[in-house]
Amino acid sequence: MKGQLLPEKLKELRKLHGYTQDDVAAALGIVRQTYSHYETGRRLPTPDMLFRLAGLYSVSMDDLMQLTTDLDRDIHYDAPMPTQSSRDLADFLEYINRPENQKRFRHFDRSEKELLYYFETLSEEDKQEIIEFTKIKSRKKKT
């Protein structure tokens, strides 16, 4: 596979969600070695497996394929333009994989990472509004 994009993204998505290869293999109903081969590029997942992987990681098949397809920019493709959600996911993955953020987010789960990613894009006024909203929700939960 040119550029090994699918194997790299599968590994990246797995780590992002805090799964082991055993976890993913069990969720897919395959042995760990088969899944390991997907991440090393020794074996390509079937279309059914790709569909199941997209479901496991809560991304659309379209987004999964756009994240993992290496296009030759000199050739015209009639493929759809990336969706906003695929651009958001790509930006999020790039953000959390920056060397300065890897150590920072090491012990966070996916939702915490995502919350911080989007929170940091907000204006100071919007950040304060989100904090106030979170306080209200937290108090409501306690009662």
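## Close-up views of an all-helix predicted model

**View 1. The largest nonpolar core.** Leu28, Ile30, Tyr35, Leu53 and Tyr57 touch the most other members among the 24 residues of the largest nonpolar core. Such a core is a set of buried Ala, Val, Leu, Ile, Met, Phe, Trp, Tyr and Cys residues joined through side-chain atoms within 4.5 Å. Buried means under 20% relative accessible area, exposed over 50%, and partly exposed in between (1.4 Å probe, protein chains only). At least two core residues come from each of α1 (5-16), α2 (21-28), α3 (32-40), α4 (47-56) and α6 (84-96). α6 gives the largest share, five residues. This is a predicted model: local features need pLDDT of at least 70, side-chain atom pairs count only at pLDDT 80 or more, and totals for chains, interfaces and linings use all residues. Residues are numbered from 1 along each chain as its sequence is written, and side-chain values use heavy atoms, with hydrogens and water left out.

**View 2. The whole chain.** The protein chain has nine helices and zero strands. Helices (H or I, at least four residues) and strands (E, at least two) are DSSP runs, numbered from the N terminus. Of its 143 residues, 30% count as buried.

**View 3. Isoleucine 30.** Which residues does isoleucine 30 touch, not counting residues up to four places away in sequence? They are Ala25, Tyr35, Tyr38 and Met49. Contact here means heavy atoms within 4.5 Å.

View 4. Met49, Leu50, Leu53 and Ala54 are buried in α4. They lie on the same side of the helix, because they cover an arc of only 140° around the axis. The arc is that of the directions from the helix axis to the C-beta atoms. Phe51 and Gly55 are exposed, on the face turned away from the buried side. Serine 58 follows α4 and has a positive phi, near 55°.

**View 5. Glutamine 21.** Glutamine 21 sits in helix α2. Is this residue buried or exposed? Glutamine 21 counts as buried because its relative accessibility is 17%. Its side chain makes a polar contact of 3.1 Å with that of arginine 32. A polar contact is a pair of N or O atoms within 3.5 Å; within protein, one must be able to donate a hydrogen and the other to accept it, and residues adjacent in sequence count only if both atoms are side-chain atoms. Not counting residues up to four places away in sequence, glutamine 21 touches Arg14, Arg32, Tyr35, Ser36 and Glu39.
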